[in-house]
Amino acid sequence: MMRQYESAKAACPDALLLFRMGDFYELFHEDAKVAAKILGLTLTSRDKTENPVPMAGFPHHQLDTYVGKLIRAGRRVAICEQVENPKTAKGLVKREITQIVSPGTVTDPSILDPGQCNYLAALVGQPADSADDSRNLGLAWVELSTGAFAAASVSFSQAVNLLERLNPSEIILPENSPSSLTELAAGRSVTRRPNWSFATARASETLKKKFGLGTLEGIGFSETDTPAISAAG
């Protein structure tokens with residue numbers, strides 16, 4: 001079972017893995033220590049060796065409550081469910097990650113604050129060195145519970161102001177972002193994605209396919225909006 005857990009954890013190393021075991025969700029190793037502190041759980045172990053594996057868990061019917069607490073603490077959560085009936089399964093019950101929830105992608109009304117927008121943002125680009133603060137950063141933002149979606153090519157100062165106004169709960173950044181962009185995301189949940197996923201050509205095709213378009217002009221993008229297109233994609 002621990003080999004099964006390690007395989008699931010390897011698929012989402014940046015998330016706290018909630019591993020379904022019968023009537024409980026369990027966390028192990030460092031995940032257990034982190035979750036125990038956030039959720040007020042007791043750390044235990046089934047391992048009686050000199051270096052026991054830390055574990056912490058909670059009843060399955062309290063999933064929404066505890067996921068909400070982890071999300072509000074800025075953590076990503078992966079839920080690994082039993083996808084076979086334990087009574088009919090032969091050998092070890094099959095388990096799979098069925099959902100990954102992050103601060104910017106949560107849509108459950110029981111977790112969201114009804115009086116506040118919950119934005120997921122993406123930020124890409126290299127801040128200008130010149131004094132004119134050129135619009136060479138791309139900033140996109142989406143509110144998944146309502147479908148509101150926007151993007152813009154902005155200057156560094158405009159990005160600062162927009163992020164302060166939007167107050168996104170999660171920001172997507174390229175893996176090799178300059179330190180100035182990382183600093184802009186300070187204090188918020190950050191998700192890293194490979195640099196190639198922000199390539200303008202790829203982003204453009206993604207947006208055309210998503211909205212069924214032959215050109216991005218129909219949704220307000222011009223050929224000079226490459227930073228915005230990269231972030232939106």
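E170 is buried, at 2% relative accessible area, where buried means under 20%, exposed over 50% and partly exposed in between, with a 1.4 Å probe and protein chains only. Its partner is R76, and the closest N and O atoms of this salt bridge are 3.6 Å apart. A salt bridge here is a side-chain nitrogen of Lys or Arg within 4 Å of a carboxyl oxygen of Asp or Glu. Because R76 sits in the loop between α3 and β4 and E170 in strand β9, the pair ties together parts that are 94 residues apart in sequence. Helices (H or I, at least four residues) and strands (E, at least two) are DSSP runs, numbered from the N terminus.

This is a predicted model, in which local features need pLDDT of at least 70 and side-chain atom pairs count only at pLDDT 80 or more, while totals for chains, interfaces and linings use all residues. Residues are numbered from 1 along each chain as its sequence is written, and side-chain values use heavy atoms, with hydrogens and water left out.

R76 also meets D14 in a salt bridge, at 3.2 Å from N to O. D14 is in the loop between α1 and β1, and R76, in the loop between α3 and β4, is 62 residues apart from it. R76 counts as buried, at 11% relative accessibility, whereas D14 is partly exposed, at 42%. Through shared partners, salt bridges join D14, R76 and E170 into one network. Another pair is E81 and R20, with 3.4 Å between N and O. E81 belongs to strand β4 and R20 to strand β1, so this bridge ties together parts 61 residues apart in sequence. Both of these residues, E81 and R20, are buried. The salt bridges number six by this rule.

Next come the nonpolar cores. A nonpolar core is a set of buried Ala, Val, Leu, Ile, Met, Phe, Trp, Tyr and Cys residues joined through side-chain atoms within 4.5 Å. The largest one has 22 residues, and L18, F58 and V67 have the most contacts inside it. At least two residues of this core come from each of β1 (16-21), β2 (24-28), α2 (29-39), β3 (55-59), α3 (63-72) and β4 (77-82). The greatest contribution is that of α3, with five residues. Another core, of 16 residues, lies apart from it and includes Y119, L162, L173 and L181. V67 touches L18, V77, I79 and I111, residues up to four places away in sequence not being counted; contact means heavy atoms within 4.5 Å.

Which residues of α2 are buried? They are D31, A32, A35, A36 and L39. Seen down the axis of α2, these residues fall within an arc of 125°, so they line one face of the helix; the arc is that of the directions from the helix axis to the C-beta atoms. The cover over them includes α1 (2-11), β1, β2, β3 and α3. H29, also in helix α2, has a positive phi near 55° and is not a glycine. Most residues other than glycine have a negative phi. H29 is partly exposed, at 30% relative accessibility. After α2 comes G40, with a positive phi near 70°. N167 is not a glycine either, yet has a positive phi of about 50°. N167 lies in the loop between α4 (156-166) and β9 (170-174).

M1 is in the segment before α1 and counts as partly exposed, at 40% relative accessibility. Neighbours within four places in sequence aside, M1 is in contact with F19, M21, L92 and R95.

On the surface, F149, F211 and I219 form a nonpolar patch with about 260 Å² of accessible area together. Patches are made of residues with over 30% relative accessible area and no salt bridge, like charges being joined within 9 Å and nonpolar side chains (Val, Leu, Ile, Met, Phe, Trp, Tyr) within 5 Å. Accessible areas come from the Shrake-Rupley method with a 1.4 Å probe, and for residues only the protein chains shown count as cover. F149 is in strand β8 (residues 148-154) and is partly exposed, at 38% relative accessibility.

Taken as a whole, the protein chain has seven helices and ten strands. Of its 233 residues, 42% count as buried.
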